[in-house]
Amino acid sequence: MPTTLAPAGDHTELVHQCRLPLSTQTLRCPTGLLGARLKKIRSRRRKLPTGRIAMIVLAALRHDQRLADLADGNSISRTTVDRWLKEMIELLAARAPRLERVLAKIAREGGSVVLLDGSLIPTQHRTGHDIKRRWSAKHKRHGLLVIALTDCKGRLLWTSTARPARGSEITACRHDDLPGRLREAGLAAITDLGFVGLDNNLGDPAIITGYKKPKGKKLPPAKKQVNQLIAAERAVCEHAFAHLKNWRVLTKLRLDVRWAARLVRALMILNQREIAR
């Protein structure tokens, strides 16, 4: 019986198609931004049309497709796909509003509360000193912490800078002075129990949290009811993060961590287009 394994004939690479569950409106957003940029910088014709480039970038973001596979399937180089991806992230992230404008718009429209929460973006385990700062004792994994504001309908309005997960959510909020900015805008934020102690101004509270159960004791019925009401209001905030993490590129970040904040803001803009359809 022969032990030598012969090659299976032709080594032509196979290319498959996959479904991209996004609306046409979501595709038009990056296509329009890229077309406007090319016109502004008077760039020569790219290797592929702007719509095809946008489709490749969306596939990389939605399915976390390997850039080398996307490049081979479209007869281009991996570095080209990487450059297109970062260019599109920059264009989309530039459209994300600043915190002051978001709060001013909510107050101008008659709003009184927003929803505040944090989420972990898992990252790859790499060697070096910085990796120790990304270890989250809460989630037992390496990652980056992002704070976000949503409205009462569950739409993401603003995301913070991505910080090492070793820090707490309260520390990240204090770094951005969220209680002070909310108070200046005449707004309050509804949060979970992880934000207890963020705002100690009882006369004019800007952070609304529930009640923690004392050790060895039970909560009174009135405080339990308050916790239930807050949890019901915060449900749409959890849905907003769930929609954001439908972009599988956030499953485990392989980009440079310096791109994490811009990536989250770019996905927030795409999510707004997708939900508004």
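Mentor: Helix α1 (residues 24-41) and helix α4 (residues 78-93) pack at an angle of about 100 degrees with their axes 10 Å apart, and α1 and α4 are therefore roughly perpendicular to each other (65 to 115 degrees). Axes here are lines fitted to C-alpha atoms, for helices over the stretch in contact, and angles run from 0 to 180 degrees between N-to-C directions. This is a predicted model, in which local features need pLDDT of at least 70 and side-chain atom pairs count only at pLDDT 80 or more, whereas totals for chains, interfaces and linings use all residues. Residues are numbered from 1 along each chain as its sequence is written, and side-chain values use heavy atoms, with hydrogens and water left out.

Trainee: Which residues make the contact of α1 with α4?

Mentor: On the α1 side they are C29, P30, L33, L34 and R37, and on the α4 side E87, M88, L91 and L92, where contact means heavy atoms within 4.5 Å. Seven of the residues in this contact are nonpolar, none is polar and two are charged; Ala, Val, Leu, Ile, Met, Phe, Trp, Tyr, Cys and Pro count as nonpolar, Asp, Glu, Lys and Arg as charged, and the others, Gly among them, as polar.

Trainee: And how do α9 and α10 cross?

Mentor: The axes of helix α9 (residues 221-244) and helix α10 (residues 260-275) come within 10 Å and cross at roughly 105 degrees, so α9 and α10 are roughly perpendicular to each other. A240, H243 and L244 of α9 meet V264, L267, M268, N271 and I275 of α10, and by class this contact has six nonpolar, two polar and no charged residues.

Trainee: Changing topic, how many cavities of 30 Å³ or more are there?

Mentor: A search of the whole structure finds one, and about 60 Å³ of space lies in the largest cavity. On a 1 Å grid over the protein atoms alone, a cavity is a set of points where a 1.4 Å probe fits but cannot get out, and lining residues have an atom within 4 Å of a point.

Trainee: What lines the largest cavity?

Mentor: The lining is made of S119, I121, V146, T159, F241, L244, K245, L250 and V264, with β1 (113-122) and α9 each supplying at least two of its residues.

Trainee: Now the strands: do β3 and β4 run parallel or antiparallel?

Mentor: Strand β3 (residues 141-150) and strand β4 (residues 156-159) run antiparallel and are joined by three bridges, with T150 standing opposite L156 in β4. Their hairpin has five residues between the strands, and G154 takes a positive phi near 85 degrees there.

Trainee: Which residue other than glycine has a positive phi near 60 degrees?

Mentor: That is K140, placed in the loop between β2 (135-136) and β3.

Terms used
Helix = DSSP H or I, 4+ residues; strand = E, 2+ residues; numbered from the N terminus. Parallel < 35°, antiparallel > 145°, perpendicular 65-115°, else oblique. Pairing = 2+ DSSP bridges. 1 Å grid on protein atoms, 1.4 Å probe; cavity = no way out; pocket = protein on both sides within 12 Å on 5 of 7 lines; lining within 4 Å. Points joined across faces, edges and corners; volume = space filled by probe spheres on them.
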